[in-house]
Amino acid sequence: MEKENLKTFGDLKKSGYQSRSIKEELRQNLLEKIRKDEPAFTGIHGYEHTVIPELERAILSKHNINLLGLRGQAKTRLARMMVNLLDEWMPIVEGSEINDDPFHPISRYAKELIREKGDATPISWVHRNDRFYEKLATPDVTVADIIGDVDPIKAANLKLSYADDRVIHFGMIPRANRSIFVINELPDLQARIQVALFNILQEGDIQIRGFKLRLPLDMQFVFTANPEDYTNRGSIVTPLKDRIGSQILTHYPMNLETAKKITKQEAKLDESQLKMVYVPELAKDLLEQISFEARDNEFIDVRSGISARLSISAYENLLSTAERRALKNKEEQTLLRFGDFLGVIPSITGKVELVYEGEQEGSAVVAEQLIGEAVKTLFPRMFPKIEKLRKEDEKDPYSEIVEWFFSESGFELLDETSDEEYKKALDSIPALDKLIDKYQPETAEKDRYFLKEFILWGLVEYQKLNKHRFAEGVQFKDMYGSYISGL
């Protein structure tokens, strides 16, 4: 349909245009995508078999929707992507404040204009991207903001009585007629404001300062809420919950592969960083595992959620740490090191809510513990499990590495040493190469150095080695040799 040639109501009628409600529009366009086997929600990873099918069923059922989940679970993004299921262009009565449908006008302005001009009524076109409205629910939101109020200036300018409905100034919801309207963090909305939504959702009328207007608004409501909000800051009042057709539970990524896809897609990285810093796959796994560990950590209040933004920010910081070191060493390229993970601590501390015991430990200490726990989880997937107790005659795959540290006074890896010195230091421990050759023989040459460092950190976590952090870097020692030598 060439909208450029359709400028009046009469043109629209002749074109055979069929008016339909927004929920019907969403439903029909989704059905078309399903028939063609086209994805309706792209770029959302991990929801293919859980959230997205439920959301599609809700749209097909023409329901208002509540997305319930912790922070950083793509709730708002899902709502925004529903815009892609709308028709590209929508005709409205030109000049209408509330997107009046020429076939079904609801405002006084549109009705009078059509009565006066008939088929000559001018129409304008609204793009689907302009049919998305979003409001963050905060305690200061008023009925006037979202529904409307009497405008005394309009009354004075038009010389109208306050009894005339033309003095009404419409709020956000009427102005979002025939659009998707999202209210984020719904429980934060005061109960009296939630009550004001009842009639809009069910009966299609609004009440403003004594005016009861029959405005059958055509809306697709999407609400988002955090489950903890029900008992923490507020709640969704029961009659409003009853008017929301589908409540869909969102969740965090269920595996590392999904989490890595999300981080890769969302991280804002400079092209020069990607060329300069080589990141082993193990480092990416480790980064994501930190978030998984945080969601089970005793020092962290998991009820507030561990957002996917933690991994995204941490990945950006990780590459920046390596980039900064390479620039200081005048190197054009560098390998990511395990030591660079200490540069992600500021990304972790700002993204987690600590319980009382966590506050006592300190946020930076908890963040470093998370890195250690991530190592401890991934280590047995690559190397033999380290048993605390073993038989006397049982061979320990790590004894040669531990013996090397027993015979040496210590081993240091400086944060800002050059790549050449870094490799030389790790190459000085032949037992590391032997372990990798035996258990991870397929490891690429570029990945070996990160893996060597990973082994050292793993042995620290399993209490085979000791680690000491100092201003310029990290020192590794055997667990008991330092005590003996000090006697």
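**View 1. Helices α19 and α21 side by side.** In this predicted model, helix α19 (residues 399-407) and helix α21 (residues 430-439) have axes that come within 9 Å and cross at roughly 170°. Angles over 145 degrees count as roughly antiparallel, and so α19 and α21 are roughly antiparallel to each other.

**View 2. Who touches whom between α19 and α21.** On the α19 side, look for Glu400, Ile401 and Trp404. Their partners in α21 are Pro430, Ala431, Leu432, Lys434 and Leu435. Sorted by class, this contact of α19 with α21 has six nonpolar residues, two charged ones and no polar ones.

**View 3. The largest nonpolar core.** This core has 72 residues, and Phe341, Phe411 and Phe454 are those with the most contacts inside it. Helix α22 (residues 445-461) gives the core its largest share, nine residues. Apart from this core lies another one of 30 residues, with Leu68, Ile106, Ala176 and Leu189 among them.

**View 4. A closer look at Phe411.** Leaving aside residues up to four places away in sequence, Phe411 touches Trp404, Phe405, Ala425, Leu426, Ser428, Ile429, Leu456, Val474, Gln475 and Phe476.

**View 5. Stepping back to the chain.** Of its 487 residues, 49% count as buried. For contacts with a separation of 6 or more, 75% are between residues 24 or more positions apart. The accessible surface comes to about 24,400 Å², and 48% of that belongs to carbon and sulfur atoms.

Technical notes. Residues numbered from 1 in each chain as written. Predicted model: local features only at pLDDT ≥ 70, side-chain atom pairs only at ≥ 80, totals over all residues. Heavy atoms only, no water. Axes fitted to C-alpha atoms, helices over the stretch in contact; angles between N-to-C directions. Helix = DSSP H or I, 4+ residues; strand = E, 2+ residues; numbered from the N terminus. Parallel < 35°, antiparallel > 145°, perpendicular 65-115°, else oblique. Contact = heavy atoms within 4.5 Å. Nonpolar A, V, L, I, M, F, W, Y, C, P; charged D, E, K, R; others polar. Core = buried A, V, L, I, M, F, W, Y, C linked by side-chain atoms within 4.5 Å. Buried < 20%, exposed > 50% of the residue type's maximum accessible area, 1.4 Å probe, protein only. Areas by Shrake-Rupley, 256 points an atom, 1.4 Å probe, with all protein chains shown as cover.
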